[in-house]
Amino acid sequence: MRMTQSVELTAYQPGGLGKVVELHGRYYGTEWNFDLAFEADIATDLSAFLQRLDPDRDGFWLAWLDGAMVGSITIDGHGSTDNAHLRWFIAEPGITGRGIGASLMEAAMGFSRERGYAGVWLTTFAGLDAARRLYDRHGFVEIETFEKTDWDFPITMQKLECRF
């Protein structure tokens with residue numbers, strides 16, 4: 001008999017920074033052919049965020065399944081009193097369909113509403129269809145498209161926003 005595993009969300013746990021960077025590096029390296037420049041940007045930016053994390057305006061969640069860290073999401077309120085920035089949203093690609101992404105999005109959006117943000121914005125790559133479906137379900141709309149050239153090759157980016 002197969003038991004149903006449940007997703008557990010936690011705040012930062014020791015090793016969380018490295019695990020989130022690893023998830024991004026593995027996924028985007030395999031699926032998008034990004035290399036060190038991308039992974040280094042994730043590590044640098046996420047590290048800076050965690051060093052200034054303020055629980056009154058910022059949220060950081062890790063998703064766990066059967067003792068393994070399988071996803072993350074962040075709400076970054078730095079620099080704005082009105083809108084929060086959703087960042088570093090990722091779920092282990094090999095275990096889709098278990099509600100990991102949905103659980104992470106619920107936590108982030110609920111936190112943002114509780115903290116009184118007027119809305120949430122994010123940037124994403126065109127072509128991340130599963131994530132985009134979650135964003136659409138939560139009321140995000142595309143407000144801008146632009147090319148990013150900081151990494152290995154140009155990539156089409158989308159800026160999305162959800163107003164409460």
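**Pocket and fold of a predicted model**

Me: How does the lining of the largest pocket split by class?

Reply: The lining of the largest pocket has 22 nonpolar, 9 polar and 10 charged residues. Please note that this is a predicted model.

Me: How many residues line that largest pocket, and which lie nearest its centre?

Reply: The lining consists of 41 residues, and those nearest the centre are Tyr28, Phe89, Ile90, Leu128 and Tyr135. Two or more lining residues come from each of helix 1 (16-32), helix 2 (36-52), strand 4 (83-91), helix 3 (100-114), strand 5 (119-125), helix 4 (129-137) and strand 6 (141-148).

Me: And what volume does the largest pocket have?

Reply: The volume of the largest pocket is about 1000 Å³.

Me: Switching to the fold: how many helices and strands are there, and what is the pattern along the sequence?

Reply: The protein chain contains 4 helices and 7 strands. Along the sequence they follow the pattern β-α-α-β-β-β-α-β-α-β-β. The radius of gyration of the protein chain is 15 Å, close to the 15 Å given by the globule rule for 164 residues, so the chain is as compact as a globular protein of that length.

Me: What does the C-alpha trace span along its principal axes?

Reply: The C-alpha trace of the protein chain spans about 50 × 40 × 30 Å along those axes.

Me: Among contacts between residues at least 6 apart in sequence, what share joins residues at least 24 apart?

Reply: For the protein chain that share is 64%.

Me: Next, His24. Where is His24 placed, and is it buried or exposed?

Reply: His24 belongs to helix 1. Its relative accessible area is 4%, so His24 counts as buried, the limit being under 20%. Leaving aside residues up to four places away in sequence, His24 touches Gly29, Phe38, Ile42, Trp88, Phe89 and Ile90.

Me: Trp88 is on that list. What is the phi of Trp88?

Reply: Trp88 has a phi of about 50°, a positive value although the residue is not a glycine. Trp88 sits in strand 4 and is buried, with a relative accessible area of 8%.

Me: What about Asp58: where is it found, and is it buried or exposed?

Reply: Asp58 is found in the loop between helix 2 and strand 2 (59-65). Asp58 is buried, with a relative accessible area of 3%. Beyond residues up to four places away in sequence, Asp58 touches a set of residues including Phe49, Arg52, Ile75, Gly77 and Phe111.

Methods: Residues numbered from 1 in each chain as written. Predicted model: local features only at pLDDT ≥ 70, side-chain atom pairs only at ≥ 80, totals over all residues. Heavy atoms only, no water. 1 Å grid on protein atoms, 1.4 Å probe; cavity = no way out; pocket = protein on both sides within 12 Å on 5 of 7 lines; lining within 4 Å. Points joined across faces, edges and corners; volume = space filled by probe spheres on them. Nonpolar A, V, L, I, M, F, W, Y, C, P; charged D, E, K, R; others polar. Rg over C-alpha atoms; globule rule 2.2 N^0.38 Å. Contact = heavy atoms within 4.5 Å. Buried < 20%, exposed > 50% of the residue type's maximum accessible area, 1.4 Å probe, protein only.
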